[in-house]
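Subject: Structure handover

Hello,

Here is the structure I promised to pass on. Please open it beside this email and follow along.

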Amino acid sequence: AFAALRLVAVLSIVAVGGAPGPAAFAEPSSPAADPVRQPVTTPGADSEFNRGVRARLAQDWPTAVDAFRGAIAQRAEFPEAGNELGFALRNQGRYPEALQAYDEALRLRPNFPEALEYLGEAYVKLGRLEDARRVLERLRPLDGGRAQELAEVIQKGS
């Protein structure tokens, strides 16, 4: 009986418009449609990293590069920012710089599957298939899914 009363109460609230709309149930990590621009003072490494991720999602590669470099300038030991920097550089065809960024990310975290996959993909773009295969061998025991993706990229590049 109590459950039935509670259900009636919930349905009553919904019927009169008291329940939150669909926007209230959006994923908390989803980017806002209209982000509020904060004044730029001295953004921390995390805020620069987040700015870079937003730029990457928008495929604004120059802004992403700037933001990830800013994050690294504020926190030198930031392998995630190095990996993302490499990704943004690679998407601009700036392969030598991308390789340096991936190498630095992997220096900081040698078993970083995402950085290994992206490094291998950069090698394929450069026609360095043997280097890509060596990276694939490092990646296989760490992340089978990413290794499979890299193997497919290598196969297409052969």
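In α5, the residues Tyr95, Leu99, Tyr102, Asp103, Ala105 and Leu106 meet Ala115, Leu116, Tyr118, Leu119, Ala122, Tyr123 and Lys125 in α6. By class, this contact of α5 with α6 has eleven nonpolar, no polar and two charged residues. The axes of the two helices are 10 Å apart, and α5 and α6 pack at an angle of about 155°. That angle makes α5 roughly antiparallel to α6, because over 145 degrees counts as roughly antiparallel. The crossing of α5 and α6 is left-handed.

Before you go further, note that this is a predicted model.

**The whole chain**

The protein chain has eight helices and zero strands. Along the sequence the pattern reads α-α-α-α-α-α-α-α. The chain has 158 residues, and 35% of them count as buried. Now take the contacts between residues at least 6 apart in sequence. Of these, 47% join residues at least 24 apart.

**Helix α4 and its partner α5**

Look next at α4, residues 79–90, and α5, residues 95–108. Their axes come within 8 Å and cross at roughly 165°. That makes α4 roughly antiparallel to α5. α4 passes α5 in a left-handed crossing. On the α4 side, the contact is made by Pro79, Gly82, Asn83, Leu85, Gly86, Phe87, Leu89 and Arg90. On the α5 side, Tyr95, Glu97, Ala98, Ala101, Tyr102, Ala105 and Leu108 make the contact. By class, there are ten nonpolar, three polar and two charged residues in the contact of α4 with α5.

How long should α4 be? At 1.5 Å a residue, its twelve residues should span 16 Å. The end C-alpha atoms of α4 are 16 Å apart, which agrees.

How many of the twelve residues of α4 are buried? Eleven are, so α4 is largely enclosed by the rest of the structure. The buried residues are Pro79, Ala81, Gly82, Asn83, Glu84, Leu85, Gly86, Phe87, Ala88, Leu89 and Arg90. What covers them includes α2, α3, α5 and α6.

Glu84 lies in helix α4. Is Glu84 buried or exposed? Its relative accessibility is 8%, so Glu84 counts as buried, because the cut-off for buried is under 20%. Leaving aside neighbours within four places in sequence, Glu84 is in contact with Phe49, Arg56 and Phe68.

Arg90 also lies in helix α4. At 11% relative accessibility, Arg90 counts as buried. Not counting residues up to four places away in sequence, Arg90 touches Tyr95, Ala98, Tyr102, Tyr118, Glu121 and Ala122.

**Helix α3**

Helix α3 covers residues 61–74, with 14 residues. From its first C-alpha to its last, α3 reaches 20 Å. That is close to the 20 Å expected at 1.5 Å a residue. Its buried residues are Trp61, Ala64, Val65, Ala67, Phe68, Gly70 and Ala71. An α-helix has 3.6 residues a turn, so residues three or four places apart point the same way. Keep that in mind as you read the list. What covers the buried residues of α3 includes α2 (45–57) and α4.

**Two loop residues**

Gln59 sits in the loop between α2 and α3. Its phi is near 55°, a positive value in a residue other than glycine. Most residues other than glycine have a negative phi. With a relative accessible area of 57%, Gln59 is exposed.

Arg128 is in the loop between α6 (113–125) and α7 (129–139). At 34% relative accessibility, Arg128 counts as partly exposed. Which residues does Arg128 contact, leaving aside its neighbours within four places in sequence? They are Leu99 and Tyr123. Arg128 and Ser158 are 30 residues apart in sequence. In space, Arg128 and Ser158 are 9.9 Å apart, C-alpha to C-alpha.

Best wishes

Key
Residues numbered from 1 in each chain as written. Predicted model: local features only at pLDDT ≥ 70, side-chain atom pairs only at ≥ 80, totals over all residues. Heavy atoms only, no water. Axes fitted to C-alpha atoms, helices over the stretch in contact; angles between N-to-C directions. Helix = DSSP H or I, 4+ residues; strand = E, 2+ residues; numbered from the N terminus. Parallel < 35°, antiparallel > 145°, perpendicular 65-115°, else oblique. Left-handed = near helix turned anticlockwise from the far one by under 90°. Contact = heavy atoms within 4.5 Å. Nonpolar A, V, L, I, M, F, W, Y, C, P; charged D, E, K, R; others polar. Expected span 1.5 Å × (residues − 1). Buried < 20%, exposed > 50% of the residue type's maximum accessible area, 1.4 Å probe, protein only.
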